[in-house]
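The following exercises are intended for a reader new to this structure. Each task is followed by a solution that goes step by step.

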Amino acid sequence: MAKVAREMVEKTGINLDQLVELLVKNAAAELTTFYYYTILRANLIGLEGEGIKEIAETARIEDRNHFEALVPRIYELGGNLPEDMKVFHDLSACPPARLPKNPKDVKAMLKVLVEAERCAVRGYTYICNLTAGKDHRTYDLSTAILNEEIEHESWFSEFLGEGPSGHFMRRGETSPFVGKFLR
Amino acid sequence: MRRFDKKELTRCNGEADAPAFIAYKGNVYDVSRNFLWQGGRHFRIHTAGSDLTHCLDLAPHGEEMLERCPVIGEFPEE
């Protein structure tokens with residue numbers, strides 16, 4: 001635990017227990033999404049599915065990166081991860097991104113993916129609003145994750161025909177925003 | 001449509017075997033089956049069995065999330 005860092009955050013009026021719980025819930029959402037996306041990716045097959053597979057894989061890897069980046073901050077602030085993985089799964093900030101009943105329905109797959117990303121966008125926006133100008137380190141981390149989650153949402157939204165994402169898929173390494181927290 | 005008073009709503013807090021109901025703008029929503037309302041708690045911030053009409057402004061989502069839960073009654077606003 002980073003004692004003084006924790007005190008500085010507390011002095012700003014942030015409810016630290018609440019913030020830590022939000023971070024743990026979002027870490028759970030990231031890791032469980034990584035797991036569920038593994039199943040979705042494996043089922044993205046055929047002419048339509050293959051076109052989405054690579055982008056789903058990028059989102060999957062970046063969600064795992066988000067988990068990895070969140071964990072140190074949780075412990076710095078005096079929090080911890082539950083010992084029981086089942087408990088961790090159930091306290092996720094987002095519902096499970098389960099495989100749709102008909103895995104051949106690519107549109108249904110995309111809806112699961114975009115809903116998961118939208119949940120994440122809402123969650124990190126909330127944490128950013130909570131920590132802006134107060135807890136600079138958590139804000140920096142949440143903003144970085146939010147940047148990537150917004151891009152994920154826009155990719156899947158584009159595939160659903162909701163409009164252009166405005167950018168192209170990743171070239172080179174994953175996590176252009178969160179990468180600095182992983183080094 | 002069943003009408004709830006404050007006492008009835010408070011009992012539906014999602015604890016033990018109680019269902020988890022919340023009130024919003026005069027309607028009562030059943031959130032018992034919602035993943036994010038397990039045990040009658042929504043994150044650390046909200047508890048079932050209460051009127052959350054004035055809480056949504058601060059939430060990272062709008063009314064559209066409530067539309068996913070069934071309306072099971074009315075809660076006349078005071």
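The model is predicted: local features need pLDDT of at least 70, side-chain atom pairs count only at pLDDT 80 or more, and totals for chains, interfaces and linings use all residues. Residues are numbered from 1 along each chain as its sequence is written, while chains are lettered from A and ligands numbered from 1 in the order in which they are written.

**Exercise 1.** Describe the secondary structure and the dimensions of chain B.

*Solution.* Begin with the elements: chain B has 1 helix and 6 strands, where helices (H or I, at least four residues) and strands (E, at least two) are DSSP runs, numbered from the N terminus. Their order from the N terminus is β-α-β-β-β-β-β. Next, take the principal axes, along which the C-alpha atoms of chain B fill a box of roughly 30 × 25 × 20 Å. Finally, consider the radius of gyration, taken over C-alpha atoms, with a globule rule of 2.2 Å times the number of residues to the power 0.38. A compact globule of 78 residues would have a value near 12 Å, and the 11 Å of chain B agrees with this.

**Exercise 2.** Determine how many residues of chain B are in contact with chain A, and classify them.

*Solution.* Two residues are in contact if their C-beta atoms, placed from the backbone, lie within 7 Å. By this criterion, 7 residues of chain B meet 10 residues of chain A. On the chain B side there are 4 nonpolar, 2 polar and 1 charged residues. Here Ala, Val, Leu, Ile, Met, Phe, Trp, Tyr, Cys and Pro count as nonpolar, Asp, Glu, Lys and Arg as charged, and the others, Gly among them, as polar.

**Exercise 3.** Locate Glu158(A) and list its contacts beyond four places in sequence.

*Solution.* Glu158(A) lies in helix H6 (residues 136–159) of chain A. Leaving aside residues up to four places away in sequence, Glu158(A) touches Gly163(A), Pro164(A) and Ser165(A). Lys180(A), 22 residues from Glu158(A) in sequence, is 28 Å away in space, C-alpha to C-alpha.
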